[in-house]
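Here are my notes on the model you sent over. I went through it piece by piece, and the points below are in the order I'd look at them on screen.

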Amino acid sequence: MRTIALVKRICIQMVRDKRTLALMMVAPLVILTLLHYLLSADSASPKLGIYGAEESLIEQIKGKDIEVVLYDKLTNTKQMISKDNLDGILQIEGDSIHLTLTNDQPSSSKILQTKVSQAISVENAKTKANNLNKFVQDIQSKLPNIPVKMDQLNTPEIETAYIYGSGDTTFFDQLSPILVGFFVFFFVFLISGIGLLRERTTGTLDRLMATPIQRRDIVFGYLIGYGLFAIVQTLIVVLYSVKVLDIMLIGSLWNVVLINLSLALVALLLGILLSAFANSEFQMMQFIPIAIIPQVFFAGILPIEGMPAWMQIIAKCMPMYYGGNALVDVMYKGLGIESIKNDLFVLLGFAFIFIVLNILALKKYRKI
């Protein structure tokens, strides 16, 4: 009977806790839906510039689901790739074949390189067959024992160059900058949210609200107080990642610190905001599947270009989308502050919005 009574009490408690029920029933469906669309989305076709190739080879490359852009002349390869948003350029001059890959996503670049090599091999095999047929015809009409120049039938080598990284670059080299930003974002969110929640549950916030202090002063006070620890935590994570784990860093370390501090600021304000709607640490943890896990999906780990249009809109509403993009630009591509300034401005915009929402959220405790 005692066991039945305990089960009854737990069932009644769970039914009354609508938020927990919603988390258990709805959150897994939301995450599974996101994963379904993310993993089943068609990947965007790579875009390859071509100069000096035969028409038959171009058709072979198009048959590999590669979008082709033809050029009559080449000037600055890197600028042309950036201007036309190419994944690479294939340059053929006589027997010389040169392939330049952007390599901003190593896994996609290796797939493109494989497809181009396959197309060239198929075309070269056809050329060999044609040459062999001509040779047989010639040998039948001439004297026997004529030597064959086998070097004419050899497969040409492809010289490959990379705009970012090298042939040894792995997917983790492009992934690691995003993980650095995500861990900063996640732990700052968690610590700030639970920290402010403890202030409420112990009555500290209620006593503070009883004083003449204004709501915005409370928000900025908590922001600065927790922000000091968030700065220390961010510096430790960044320096440990770069100096101890030896994660790839091509650009400036200070730009990496600046981006992660911006992410920490947004995470801090988001944690403070959501803690206003939680009554316990358990309820605060319930926000993680909704507010934090989707950040991973849209941070750049999975290609955004291959997602449905509506998911690309959602991605651009996530702070980690801009933070991950900026970190990859600096740590992997070696770009400077001019290239990431727009991402930083957007992160500051998120911070401003969350400050306003935090001030409004305090109205539930005091209406002045």
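**Notes on the fold**

1. Start with the crossover: S1, helix H4 (residues 55-62) and S2 form a β-α-β unit, and it is right-handed. Keep in mind throughout that this is a predicted model.

2. The two strands of that unit, S1 (residues 47-51) and S2 (residues 67-70), are parallel and share 4 bridges.

3. What does S1 do on its other pairing? It runs parallel to strand S3 (residues 88-93), with 4 bridges joining them. Here Leu48 sits opposite Gly88 of S3.

4. Zooming out, the sheet is open, has 5 strands and reads S2-S1-S3-S4-S5, with mixed pairing. S2 and strand S5 (158-162) are the edges, each pairing on one side only. From one strand to the next, the twist averages 20°. H4 packs on this sheet and touches S1, S2 and S3, while its direction makes about 150° with that of S2.

5. Now the hydrophobic side of things. Which residues touch the most other members of the largest nonpolar core? They are Phe185, Phe189, Met284 and Ile292, in a core of 59 residues. Elements giving two or more residues to this core are helices H7 (171-201), H9 (215-244), H10 (253-275), H12 (288-291), H15 (319-332) and H16 (337-361). H10 gives the most, with 13 residues.

6. Skipping neighbours within four places in sequence, Ile292 is in contact with Phe182, Phe185, Phe186, Phe189 and Phe287. As background, nonpolar side chains tend to be buried together in soluble globular proteins.

7. The protein has 16 helices and 5 strands. Of its 368 residues, 39% count as buried. The accessible surface is about 20,700 Å², and carbon and sulfur atoms hold 62% of that. Among contacts with a separation of 6 or more, 72% come from residues 24 or more positions apart.

Key
Residues are numbered from 1 along each chain as its sequence is written. This is a predicted model: local features need pLDDT of at least 70, side-chain atom pairs count only at pLDDT 80 or more; totals for chains, interfaces and linings use all residues. Side-chain values use heavy atoms; hydrogens and water are left out. Two strands pair if DSSP finds at least two bridges between them. A crossover is right-handed if, with the strands pointing away from the viewer, the path from the first strand over the helix to the second runs clockwise. Buried means under 20% relative accessible area, exposed over 50%, partly exposed in between (1.4 Å probe, protein chains only). Contact means heavy atoms within 4.5 Å. Accessible areas come from the Shrake-Rupley method with a 1.4 Å probe; for residues, only the protein chains shown count as cover. A nonpolar core is a set of buried Ala, Val, Leu, Ile, Met, Phe, Trp, Tyr and Cys residues joined through side-chain atoms within 4.5 Å. Axes are lines fitted to C-alpha atoms, for helices over the stretch in contact, and angles run from 0 to 180 degrees between N-to-C directions.
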